[in-house]
Amino acid sequence: MANLRELRDRIRSVNSTKKITKAQELIATSRITKAQARVEASHPYAHEVQNVMERLAAASSLDHPMLRERENGKVAAVLVVSSDRGMCGGYNHNVFKKAAELEKLLEEKGYEVVRYVTGGKGVGYYGFRGEKVAGAWTGFSQDPTWESTHNVRRHLIDGFTAGSQGTVKNREGLNLEPGQETIRGFDQLHVVYTEFESMLTQTARAHQVLPIEPVYEDEQLDFSEGMLSKPETSSEITADLDFEPDAETLMDALLPQYVSRTIFAMLLEASASESASRRNAMKSATDNAEALVKDLSRVANQARQAQITQEITEIVGGAGALAESGESD
């Protein structure tokens with residue numbers, strides 16, 4: 001009887017867990033749709049910014065601090081984009097693994113790595129291991145907005161602009177050590193995030209955001225993946241445009257906006273990937289719970305049948321013993 005009671009208690013417990021994982025699966029599924037819609041909604045603005053930057057790149061020399069690799073660069077910043085919550089399978093593990101590989105590569109090249117983190121899981125991961133984090137932001141991994149991520153994007157751009165010889169003031173929302181008011185600048189900016197490929201596939205990526213690497217390909221401008229390109233020659237007929245103010249001044253003003261949009265797009269991708277990963281993990285947990293309930297129910301039925309069989313055997317045996325003793329008369 002004790003064994004049967006334990007099995008029934010386990011079945012009730014697993015069923016309760018299954019309700020939670022099923023609810024999480026449904027919530028994550030609805031958030032994936034919203035995240036994908038936000039990514040799509042950001043495309044028109046990104047497309048227009050790209051068109052403007054293409055025209056500016058064709059009319060300017062591309063001699064801008066954000067486009068040049070700095071000589072004697074010493075410090076490289078790495079932004080690790082993690083989630084605020086768990087229950088999302090290997091989402092965070094893959095990001096941390098990719099970040100470790102990138103940091104090792106940068107250190108081998110002679111760079112000092114400055115680590116930034118978004119998401120509570122990243123803060124906890126590095127804090128538990130005693131690894132230093134220059135700054136962290138939390139609270140928006142599942143629903144990043146332009147306003148909530150402003151300080152992240154502005155701080156990273158300011159840090160690159162200041163360079164390794166300069167410092168950056170603390171911005172609101174940035175978690176620093178007590179009493180720390182400034183952070184050292186850096187010469188490179190890399191972002192480790194998760195790219196949403198499909199509902200079943202999300203891949204951790206490491207991407208250099210600053211300095212932007214010019215790419216010349218097929219004599220066409222290419223601003224994809226945050227990389228500028230400028231053709232040496234072009235056979236296409238293009239409009240002769242005059243810029244007011246001049247192209248160099250506009251490039252100087254718009255490049256920070258372009259970089260900011262690139263970082264925000266990565267945060268949106270990470271948000272969709274987090275929801276997809278959580279949906280897959282919760283669906284797997286729900287399926288496993290259903291399978292476990294079936295197995296436990298089968299074992300419980302077997303135990304109950306064995307108990308009934310034993311009781312019947314005891315009754316029959318007792319009746320037979322009474323018959324043999326003659327007491328049944």
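**View 1. Arg205 and Glu195 pair up in this predicted model.** Arg205 has a relative accessibility of 32% and counts as partly exposed. A salt bridge joins the side chains of Arg205 and Glu195, with 2.7 Å from N to O. Glu195 sits in strand S6 (residues 188-196) and Arg205 in strand S7 (residues 202-210), so the pair ties together parts that are 10 residues apart in sequence. Glu195 is also partly exposed, at 23% relative accessibility.

**View 2. Glu103, Arg115 and Glu131 form one network.** Salt bridges with shared partners join these residues. The structure holds 12 salt bridges.

View 3. Asp9 is partly exposed, with 42% relative accessibility.

**View 4. Lys22 and Glu25 form a salt bridge.** The N to O distance is 3.8 Å. Both residues belong to helix H1, three residues apart, which means a separation of about one helical turn. Glu25 is buried, at 7%.

**View 5. Ile308, Ile312 and Val316 make a nonpolar surface patch.** The patch has an area of about 260 Å². Ile308 lies in helix H5, which spans residues 247-325. Ile308 counts as partly exposed because its relative accessibility is 35%.

Note on methods: Residues are numbered from 1 along each chain as its sequence is written. This is a predicted model: local features need pLDDT of at least 70, side-chain atom pairs count only at pLDDT 80 or more; totals for chains, interfaces and linings use all residues. Side-chain values use heavy atoms; hydrogens and water are left out. Patches are made of residues with over 30% relative accessible area and no salt bridge: like charges are joined within 9 Å, nonpolar side chains (Val, Leu, Ile, Met, Phe, Trp, Tyr) within 5 Å. Accessible areas come from the Shrake-Rupley method with a 1.4 Å probe; for residues, only the protein chains shown count as cover. A salt bridge is a side-chain nitrogen of Lys or Arg within 4 Å of a carboxyl oxygen of Asp or Glu. Helices (H or I, at least four residues) and strands (E, at least two) are DSSP runs, numbered from the N terminus. Buried means under 20% relative accessible area, exposed over 50%, partly exposed in between (1.4 Å probe, protein chains only).
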